[in-house]
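These are my notebook entries on one structure. I went through its fold first, then through the contact between its chains.

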Protein chains: 2
Amino acid sequence: SEGDPVTAAGPDVFSSKNLALQAQKKILSKIASKTVANMLIDDTSSEIFDELYKVTKEHTHNKKEAHKIMKDLIKVAIKIGILYRNNQFNQEEIVIVEKFRKKLNQTAMTIVSFYEVEYTFDRNVLSKLLHECKDLVHELVQRHLTPRTHGRINHVFNHFADVEFLSTLYSLDGDCRPNLKRICEGINTLIDEKVL
Amino acid sequence: SEGDPVTAAGPDVFSSKNLALQAQKKILSKIASKTVANMLIDDTSSEIFDELYKVTKEHTHNKKEAHKIMKDLIKVAIKIGILYRNNQFNQEEIVIVEKFRKKLNQTAMTIVSFYEVEYTFDRNVLSKLLHECKDLVHELVQRHLTPRTHGRINHVFNHFADVEFLSTLYSLDGDCRPNLKRICEGINTLIDEKVL
C-alpha cells in the first residue's frame, strides 16, 4: 500500500539504473533477433560456400580443416556485413569498401571467364587477384577487428588463393568440374542481381 | 572417416546457411552484450530519474503509475540512444538531434534557474519548453519507432510538462524541495560534463 517506508528490503525499491540495464538488454536482444531475420549471407552465396566446402575437402582430404576454413570465411563475411549494416565504417573505410567491391567483382568475373573459356586458366593471375582481395579486407577491418580475425582472414585466403588449390579446382581431369560449374552459375546469378 | 557417403543423415552434412545463421546470432548476441557494458544512460542521469520517480509518486499518489511513467521514459531514452549510436539517423534527423540537444539544454538550464532564483518559477514557460522537447522527439523518431513508442513519448511528456505537476515540484511549501535540489545538482553535473 501507499506510504510503505522506502527501505533496502522494502517493496518500493526503484532503481533507474537497473531498469535501464534491463531495458537496454531487452531492446538490444530484440534488435539482434530481428536482424537475424535479415540474413547477411544470401541463399546463392550459401550455395557457393557449400561448393567451396566440397572442393576444399577434395583438395585437402581433411574434412575438419575444410569445415574450419569455411567457418572462418563465414564468420569474417558476417562481421564485415554487420559493420557495414550498422554504419560503422568511416569515410576512408567506405572508400576501401568500394575498392573491395570492384576487386571482388573483377575476381569473380575472372573466375567465371577461366571456367567458361577453355585453356585460359592462369593460376597465378587468379591467385594474385585473391591476394589483393585479402589485402583490402585486412585494410578495411583494421580499426574494428581483432588479431584473431585477421588470422582467420589469412587462413581463408591463404587456402583459396593457393595455386595448388586453384589448379585442383580448375583441373579438366579432376573431380571438381561440376562444383566449379555450380560456383560459376552462382557467381553469374550474383552478378546479374548486382550483388557482386 | 573420409569417404563416408554424404547423405541427409550422414556425419558429413555441411550447410553454409545453417552455419551462417548460427554465426550471425552468436556475433550479434556478443555485440549486444558488449554494448550493454556501455550503458546508454549514465549514473548521473539515473540519479535524476530516481528523483523524478519519487516526485512523480508524490504528485500522483500512485506508485504503479509512477513506475510506468519512468519505465516509458527510460525505454524511449534507450531506443533513441541505440538509434544514435548505431548511426541510424539520416542527415535530416541529425539536424533534429542538434535542435533537440539545444532545446533540452535550454530546458535544463531553465529548470535550474527557476530553482536557484527565488520567485522566478513560471510553470507555463517550463511546460512550453517541455512540450517543444516532446515535439522534437516525435519528429526525430518518426521514421523509426512504432505508434506504441509515440504513445510512450506522450505519456512521459504529458506528465512532466503538466503545469500541476510542475507546481508540485517547485512548491516552496511542498515536500519536493530536496528532490528538486538533487535533480538540479545532477543537471549541473551533466552541463559541466557537456552531456547536456
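Entry 1, fold. I took helices (H or I, at least four residues) and strands (E, at least two) as DSSP runs, numbered from the N terminus. Read along the sequence, chain A then gives the pattern α-α-α-α-α-α-α-α. I counted eight helices and zero strands in chain A.

I worked on a predicted model, in which local features need pLDDT of at least 70 and side-chain atom pairs count only at pLDDT 80 or more, whereas totals for chains, interfaces and linings use all residues. Residues are numbered from 1 along each chain as its sequence is written, chains are lettered from A and ligands numbered from 1 in the order in which they are written, and side-chain values use heavy atoms, with hydrogens and water left out.

Of the 196 residues in chain A, 44% are buried (under 20% relative accessible area; exposed is over 50%, partly exposed in between; 1.4 Å probe, protein chains only). I defined contact as heavy atoms within 4.5 Å. Among contacts in chain A with a separation of 6 or more, 70% join residues 24 or more positions apart.

I looked up T44(A), which lies in helix α2 (residues 43-60) of chain A. T44(A) counts as buried because its relative accessibility is 15%. Leaving out residues up to four places away in sequence, I found that T44(A) touches G186(A), T189(A) and L190(A).

I superposed the copies by least squares on the C-alpha atoms of residues with pLDDT of at least 70 in both. Chain B falls on chain A by a rotation of 179 degrees with 0.0 Å of shift along the axis (RMSD 0.1 Å). The two copies are thus related as by a two-fold rotation axis.

I found 45 residues of chain B in contact with 45 residues of chain A. The copies meet through the same surface, because 100% of the interface residues of chain B are also interface residues in chain A. Buried area is the accessible area (1.4 Å probe) that two parts lose on being put together, summed over both. Between chain B and chain A it is about 4,000 Å², 65% of which comes from carbon and sulfur atoms. F14(B), Q24(B) and K63(B) supply 16% of the area that chain B buries against chain A, more than any other three residues.

I required a side-chain nitrogen of Lys or Arg within 4 Å of a carboxyl oxygen of Asp or Glu. Two salt bridges link chain B and chain A. K17(A) and D43(B) meet in a salt bridge through their side chains (2.9 Å, N to O).
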